[in-house]
Amino acid sequence: MIKNFIKNVGWPRIIIALFLLALFITAPFVGVNVFTSFNNTIVRFGMNGVMVLAMIPMVQAGCGLNFGLPLGIIAGLLGATLSIELNTEILEKLAQLGSQYKISWLTQEFLQTYREPLGFASALIIAIPIAAVLGWFYGKLLNRVKGDEMMIATYVGFSSVSFMCIAWLLLPYKHPTMVWGYAGRGLRTTVSVEGYWLHVLNDWLALDFQHEFTVNGKVIDVNLAIPTGMLIFFAVMACLVWLFMRTKTGTAMTAVGSNPEFARASGVNVDKMRTISVVMSTVLGAIGIIVYEQSFGFIQLYMGPFYMALPAVASILLGGASVNKATILNVVVGTFLFQGILTMTPTVFNSMFQTDMSEVIRLIVSNGMILYALTRKVRA
Amino acid sequence: MPDSINTPLLRLENIGKEYYGNRVLSEISFEINSGEIIGLVGENGAGKSTLLNILFGMPVINSTGGHEGNLYLDGKKVNFNSPNQALAAGIGMVHQEFSLIPGFTATENILLNREVLNGSLMSYVFSDRVSTLDRDAMRQRASAAISTLGVHISPDMLINEMPVGYKQFIEIAREIDRKNTRLLFLDEPTAVLTEQEAEILLIALKKLAKSGIAIVFISHRLSEVKELCDRILVLRDGKLITDESAENLTTRQIATLMVGRESLRKEEPVEIPENPVEEVNVDETLGVAPAGDDVETKMLKKKKKKKPALRVEHLWVDMPGETVRDVSFEVQKGEIFGIGGLAGHGKLGIPNGIMGLYPAGGKVKLFGKKLALNKPRAALNRKMAFVSEDRRGVGLLLDEPLDWNITFTAMQTQGRFLFGIPFIFQMRNELAMANETKKFIEALEIKCTGPKQKAGELSGGNQQKVCLAKAFVLRPDILLICEPTRGIDIGAKTLVLDTLKQYNKENGTTIIVTSSELEELRSVCDRVAIVDEGKIAGILPASRPAEEFGMLMMGEKMRAASAATE
Amino acid sequence: MIRKLFDIIAGHAVPAVFIIISAFAIPLSGFSASYLVQELLTRIGRNSFLILSLLIPIMAGMGLNFGMVLGAMAGQIGLIFICDWGIVGIPGMVLACLIGTPIAIVLGIFCGMILNRAKGREMVTSYILGFFINGVYQMTVLYLMGWIIPITNPALLLSRGYGVRNAVSLSGIRAVLDNLIPTVITNPEGAKQFLNINGAGSFILVQLPFFDGAIRLPLATFVIIGLFCLFIVWFRKTKLGQDMRAIGQNQSVADSAGIPVNRTRIIAIVISTVLACYGQIIYLQNMGTLNTYNSHDQAGMFSIAALLIGGASVSKASITNVFVGVILFHLMFIVAPMAGKNLIGEAQIGEYFRVFVSYGIIAIALVLHAWKRNREREAARRSLRGGEN
């Protein structure tokens with residue numbers, strides 16, 4: 001019974017879940033506010049969830065872990081920066097359209113009220129086609145290198161990030177909040193989204209709760225701000241992915257990942273399914289980074305996206321996925337555990353030892369998890 | 001060894017082997033003497049490879065519970081737990097698949113892991129592995145081994161630049177170079193050789209035997225076996241049927257011994273003519289056959305007047321290990337057509353090629369209309385269904401539940417088990433999938449916990465039933481089945497074969513069965529084609545005696561027989 | 001025919017492209033020849049050893065050993081200790097090597113065992129393993145050193161009392177190997193000046209007429225590298241080297257011939273890791289400072305990129321590839337920022353360009369390798385057809 005449970009859940013997950021539990025239990029004793037930590041975990045869960053979700057299509061289609069996530073992130077960054085660069089133009093254009101076609105609700109007032117959500121939407125709308133195109137080429141490439149996808153994905157990610165470093169310098173961005181002040185050109189390393197679409201999801205339907213409890217003479221300050229909108233957005237994305245995996249195409253994709261020969265003998269175009277999965281993964285990566293940025297508040301350019309694939313990969317593996325099978329549940333569990341550890345370790349360790357070991361623990365846990373998945377025996 | 005004159009080099013005593021309760025070898029006893037050449041023949045599945053595995057100490061034997069009986073080498077009892085022990089004892093083996101390193105020269109391959117080393121101080125400090133290689137000495141040894149075989153191959157030639165025949169010689173040279181090799185097993189060594197090369201090899205083997213090495217020669221080319229060997233052992237159904245001096249057997253007799261079962265026992269007293277090709281009178285044989293068969297043949301003739309369900313012309317298929325070179329045949333509607341032949345001769349390539357799974361060419365017509373090759377989807381759209389011989393590799397999604405396995409192909413090609421708007425948004429209809437699956441679980445008696453069990457968790461026989469169900473769900477006009485009973489137990493075997501027959505009778509579906517087991521084909525099919533070296537050697541009504549099929553399989557020409565079916 | 005042409009182009013395209021890039025970038029950068037030669041010689045001495053350490057796993061068919069950073073970390077631990085104990089000069093370097101060796105061996109065995117469990121995806125596994133061990137290394141150096149592992153020199157430790165500082169000065173062994181046999185190349189004119197300033201006797205002076213400027217040659221380092229090349233040449237001729245080549249080409253054949261495959265693969269990784277440890281020590285004695293938490297990070301990436309630029313592939317690499325690669329890669333490294341500045345007025349562009357090239361070249365090499373391998377697999381399948389067809 002217990003043996004079965006361990007076998008089903010897997011040792012690494014149990015150890016890390018217990019570790020996280022221990023952190024939550026010790027937290028109050030070392031003076032850490034559990035509620036705040038929990039709240040942070042939830043926020044970071046929402047920020048990273050979609051990017052972890054981006055792993056599912058490629059894993060399911062047998063393309064392995066998407067170490068090439070930075071490619072999708074780049075598309076997201078292009079969408080985000082362009083939405084700011086073209087913010088006024090877009091709004092003007094919309095107002096024009098409103099008056100031209102007599103759309104009664106599309107008024108200046110409406111545009112001003114929903115300036116931020118519209119900016120966010122425009123970032124998504126710009127990013128998604130870019131991601132789809134990049135993903136299509138990326139998928140074609142991965143089809144030619146079957147068996148070596150993961151290593152090549154890693155370096156495709158790296159080289160596209162470093163290529164974009166050059167592009168960020170040279171692209172003709174003009175917006176004063178984004179380019180270097182002294183040169184008048186070249187994007188800054190971090191661009192604030194404040195005033196554009198900062199926290200549009202976080203603040204939508206946000207649950208704020210503030211109260212001071214007194215337990216045994218101790219004052220416990222409970223200060224919760226649940227980013228409902230972001231969680232809903234994640235849930236919607238997760239639902240869409242779930243629904244897609246149950247469509248005819250999604251079923252074919254899963255079969256391709258499970259046994260490409262079977263799929264081929266059943267009349268499925270294996271390469272096409274793989275390409276679709278890569279496109280989906282890349283698009284989700286682009287959406288994921290924009291969700292991340294609206295919560296984080298900044299667009300991190302240049303080497304920012306460089307190592308972003310690793311936490312996402314580690315999360316889904318931590319959630320119980322293997323190199324060729326992943327579910328929504330894996331994403332939810334894995335992201336929660338991983339982000340939980342990331343939020344809890346610095347605070348708890350800081351209070352206990354007055355030192356921050358979170359970076360080291362992150363390195364060991366995430367890479368240990370990936371190593372574990374890579375060395376697991378898979379059925380040939 | 002002074003007393004080796006009297007004691008045989010190797011003696012087998014009651015060797016037997018069971019795999020998971022499936023008996024594959026029983027009570028094999030024979031002796032091999034130094035300098036003797038023994039021919040070992042038998043159909044696929046007769047137990048040859050298991051016997052070799054036991055003699056060579058392959059891990060597969062040990063990991064499945066070892067074997068029965070004893071082995072004596074020079075009169076001493078031995079038991080090999082690994083191939084290395086067998087090698088050390090002087091047993092060499094040339095496998096059917098090449099075991100050569102492509103980027104290495106002939107020399108490097110012949111002396112692989114037996115390189116000549118320069119002594120050095122380092123080798124005392126560490127191990128021999130840090131000594132450098134003595135390339136000159138190695139080259140000399142390699143050329144010596146090659147020239148023993150009577151061929152001229154440069155010892156510096158790279159393997160990947162060699163023609164296939166050369167590679168075979170290098171393999172054998174490697175075994176010869178082993179100083180202590182006293183017993184050499186050759187598994188189908190001439191299969192990849194040209195006629196001249198094969199002749200050179202046979203001469204070389206005779207020379208080797210003269211030098212005192214005992215040779216066990218496994219081949220399906222009976223004329224070669226007869227020419228080369230001193231003694232011939234025939235294996236059938238895991239039993240040693242014959243251990244006879246080669247002089248006392250004709251190739252025809254050998255073939256009969258290999259395949260003959262009941263029919264053989266009936267006809268055993270009859271003197272079998274030396275050269276059957278010209279003398280067999282087809283009509284006579286038909287006359288001997290029971291009346292039922294006669295009626296069937298007449299029915300067949302009636303069917304023939306209609307348009308054939310499947311017409312194959314000059315088909316070639318590039319399937320690794322099962323190349324089809326030039327095959328033409330017709331299958332009538334409602335017929336059960338069998339394709340037999342030895343492994344590696346292309347019988348599996350035919351259905352795989354027709355279904356578009358391997359590169360193929362030629363003409364295939366389905367009910368008079370041309371079928372596009374190399375596109376599995378095209379074949380499936382024309383209402384053909386396929387059950388692959390590679391159940392775990394192609395036939396099943398091992399990690400997915402049964403309902404996926406059974407309904408997937410129908411879902412993808414016929415749009416069934418879906419709801420929603422076609423081409424826009426279609427979802428799996430899990431309920432319909434489960435219901436359909438339940439139906440088949442019941443009908444085919446698939447032992448499982450339900451439609452949601454993973455296919456990988458079922459036994460071989462039940463997996464095969466799932467594969468059949470997958471094909472039936474497609475409601476095919478033509479059903480192609482490869483090796484329907486491979487690796488499944490007897491109970492399941494009967495059920496699978498009965499299901500096929502019943503399905504044929506009830507739905508009038510044309511069925512093409514490909515199998516290595518001749519008896520199975522003869523019991524199920526109306527007609528059976530035998531494939532030899534990528535070509536059809538002959539097509540006979542299933543009612544014909546087994547040895548006629550046997551002769552076709554062994555590559556003996558049988559023009560009269562094939563002419564008779566026309 | 002077309003396939004052959006493709007192979008030839010694929011085999012030499014990378015170095016050729018780099019020669020072309022350099023041909024444009026060198027004049028753009030405006031550097032003098034003697035400056036370039038001096039920089040190149042320094043970098044060849046600094047990096048060659050690290051790159052050479054990659055050769056043996058490639059021979060054993062394990063691909064590019066991204067796990068070489070493990071060896072680099074072992075070397076750095078050795079260096080931290082000799083700094084703490086204040087042992088300087090050549091003895092310091094030797095001692096650092098002695099400390100690093102057992103650590104590198106243990107890490108190498110660990111790495112080899114992990115890779116044996118991940119056959120077929122050695123590269124991605126060794127790459128992730130590098131990150132994992134980096135975590136363990138940081139834990140050791142940042143938390144355990146000065147706490148459990150005694151570090152006495154307070155100058156090495158962070159102000160909080162434990163953990164090693166970000167930058168450790170290696171002044172004790174700075175350039176000791178490079179300057180062990182001080183050598184200067186110059187023209188007769190320059191030689192005179194040089195002797196006037198430095199006095200005779202302490203330098204080997206190589207006089208080349210028509211040579212502009214003066215160049216210091218790290219002769220001792222070059223001698224070590226030369227010896228190492230000889231080692232590799234010798235190693236290829238040994239039985240162990242032959243076994244590795246066999247395993248690299250076909251594991252199952254090697255296994256059935258009785259070669260201990262897994263053990264040999266571990267040996268290949270151990271040798272590579274130990275050599276990377278020495279390579280990192282040589283690299284850092286030239287640099288003179290140890291960036292405790294970053295130095296090893298890029299050792300692997302830059303070495304691998306250099307080797308690939310030299311025309312090596314994932315399955316085939318030679319000593320020539322190493323030197324062609326180190327020259328071309330670092331030539332680009334030196335001139336790219338300057339060329340970028342002179343061309344577009346932005347030095348940053350050149351910096352990013354060289355990073356892009358490093359990653360891009362690895363990506364292309366990996367793609368070409370996978371592509372070629374899949375095609376070969378197809379060809380091998382075809383050759384199984386047998387017969388006269």
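**Exercise 1.** State how many helices and strands chain C has, and decide how its radius of gyration compares with the globule rule.

*Solution.* Chain C holds 14 helices and five strands; these are DSSP runs numbered from the N terminus, helices being H or I of at least four residues and strands E of at least two. This is a predicted model, in which local features need pLDDT of at least 70, side-chain atom pairs count only at pLDDT 80 or more, and totals for chains, interfaces and linings use all residues. Residues are numbered from 1 along each chain as its sequence is written, while chains are lettered from A and ligands numbered from 1 in the order in which they are written. The radius of gyration is taken over C-alpha atoms, and the globule rule is 2.2 Å times the number of residues to the power 0.38. For the 389 residues of chain C the rule gives 21 Å and the radius of gyration is 23 Å, close to it, so chain C is as compact as a globular protein of that length.

**Exercise 2.** Is Ile44(C) buried or exposed, and which residues is Ile44(C) in contact with, leaving aside neighbours within four places in sequence?

*Solution.* Ile44(C) lies in helix α2 (residues 33–52) of chain C. A residue is buried if 20 or more other C-beta atoms lie within 10 Å of its own, exposed if 12 or fewer, and partly exposed in between, with C-beta atoms placed from the backbone. Ile44(C) has 20 such atoms within 10 Å, so Ile44(C) is buried. Contact requires C-beta atoms, placed from the backbone, within 7 Å; beyond those neighbours, Ile44(C) touches Val326(C) and Ile327(C).

Technical notes:
Contact = placed C-beta atoms within 7 Å.
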